[in-house]
Amino acid sequence: MRRTKLEAEQTRRQILDAAEECFRENGIMRTTLQVIAEKAGCTRGAIYWHFTEKHDLLREVIERTPFVFFSEAEAVSRSTKPFSSLRHCMLRGLKEVQKNRHLRNAIELAVFGSECPRKLLGENSADKLLSLIHIAVLRGKACGEVKSDTEAETLTPLIFYVFIGALRTGTLMPGNSLRFRKGMDALNLVFDMVLEKSEMSNES
């Protein structure tokens with residue numbers, strides 16, 4: 001009896017869920033299709049029906065829950081207040097990671113994991129994020145929103161490292177709500193320092 005489309009989709013979802021857990025728990029290299037099949041309660045043949053090979057399955061695990069932060073960050077530069085928009089974008093992204101288990105797992109594998117092949121990541125995510133932050137800071141200065149004397153080349157890595165620290169906490173320690181809040185507070189503090197300095201410049 002042929003499987004229905006609904007049954008096939010359910011099996012595919014079970015395989016993805018099982019693969020996600022196996023990649024996280026065992027590592028990518030130590031995870032075999034047989035291990036995934038046992039976890040999913042299906043045969044290796046069922047996996048090959050939906051996926052061509054292990055890296056194809058890994059790619060699907062990473063891409064099935066997109067991190068919309070990057071697409072939102074790309075739109076920041078078009079805002080009338082790009083620096084403040086970057087702040088709200090980063091905070092929204094962190095909250096999204098905290099509440100979405102599949103997204104956390106995908107980011108752990110693709111960003112903080114050491115075994116994920118570079119070809120699966122596409123453009124280097126760190127370089128892309130640094131570029132987006134730098135553009136937002138420069139355009140914030142150009143439009144008069146950011147009046148701080150601190151150079152964009154200094155502000156960019158400062159914001160980057162605080163954000164990555166908070167992202168790492170939210171991804172790897174989602175149950176530690178206190179540490180996650182401290183990471184959010186630290187990111188807010190960086191933005192507040194720049195904006196408050198801007199206000200002080202206006203008063204002088």
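A: Start with C22. Its sulfur is 11 Å from the closest cysteine sulfur, in C42, which is too far for a bond. One caution before going on: this is a predicted model, where local features need pLDDT of at least 70, side-chain atom pairs count only at pLDDT 80 or more, and totals for chains, interfaces and linings use all residues. Residues are numbered from 1 along each chain as its sequence is written, and side-chain values use heavy atoms, with hydrogens and water left out.

Q: What is a disulfide, and how many does the structure hold?
A: A disulfide is a covalent bond between the sulfur atoms of two cysteines. The cut-off used here is a pair of cysteine sulfur atoms within 2.5 Å. The structure holds 0 disulfides. C89 shows the reason again: its closest cysteine sulfur, in C143, is 16 Å away, too far for a bond.

Q: How do I read burial for the chain as a whole?
A: Take the fraction of residues that count as buried. Here that is 42% of the 204 residues of the protein chain.

Q: Which elements make up the protein chain?
A: Helices (H or I, at least four residues) and strands (E, at least two) are DSSP runs, numbered from the N terminus. The protein chain has 11 helices and 0 strands. Its order from the N terminus is therefore simple to write, given that DSSP numbering: α-α-α-α-α-α-α-α-α-α-α. The C-alpha trace spans about 80 × 35 × 30 Å along its principal axes.

Q: What share of the contacts joins residues 24 or more positions apart?
A: Contact means heavy atoms within 4.5 Å. Among contacts in the protein chain with a separation of 6 or more, 70% are between residues 24 or more positions apart.

Q: How do I read salt bridges?
A: Side chains of opposite charge can pair when their charged atoms come close. The test is a side-chain nitrogen of Lys or Arg within 4 Å of a carboxyl oxygen of Asp or Glu. The structure holds 9 salt bridges. One of them joins E60 and R12, at 3.1 Å from N to O. E60 lies in helix 4 (residues 54-63) and R12 in helix 1 (residues 5-26), so this pair ties together parts that are 48 residues apart in sequence. E60 is partly exposed at 25% relative accessibility, and R12 is partly exposed at 21%.

Q: Which residue does D17 pair with?
A: D17 forms a salt bridge with R64, with the closest N and O atoms 2.8 Å apart. This pair also links distant parts of the chain: D17 sits in helix 1, R64 in the loop between helix 4 and helix 5 (69-76), 47 residues apart. D17 has a relative accessible area of 27%, which makes it partly exposed. R64 is partly exposed at 26%.

Q: Where do R87 and D192 lie?
A: First, the bridge: the side chains of R87 and D192 meet at 2.6 Å, N to O. R87 is in helix 6 (residues 82-99) and D192 in helix 11 (residues 177-203), 105 residues apart. R87 counts as buried at 14% relative accessibility, whereas D192 is partly exposed at 27%. Bridges can also share partners: D17, E20, R64 and R101 are joined into one network that way.

Q: How many aromatic pairs are there, and how do I classify them?
A: A pair of aromatic rings is described by the distance of the centres and the angle of the planes. Rings of Phe, Tyr and Trp (its six-membered ring) pair if their centres lie within 6.5 Å; planes under 30 degrees apart are stacked, over 60 edge-to-face, and the rest tilted. That rule gives 6 aromatic pairs. For F69 and F70 the centres are 5.5 Å apart and the planes are at 65 degrees, so the pair is edge-to-face. Both F69 and F70 are buried. F160 and Y161 are edge-to-face as well, at 5.1 Å centre to centre and 75 degrees. F160 is buried at 8% relative accessibility, but Y161 is exposed at 57%.

Q: Which residues form the aromatic cluster?
A: F67, F69, F70 and F163 form one cluster.

Note on methods. Buried means under 20% relative accessible area, exposed over 50%, partly exposed in between (1.4 Å probe, protein chains only).
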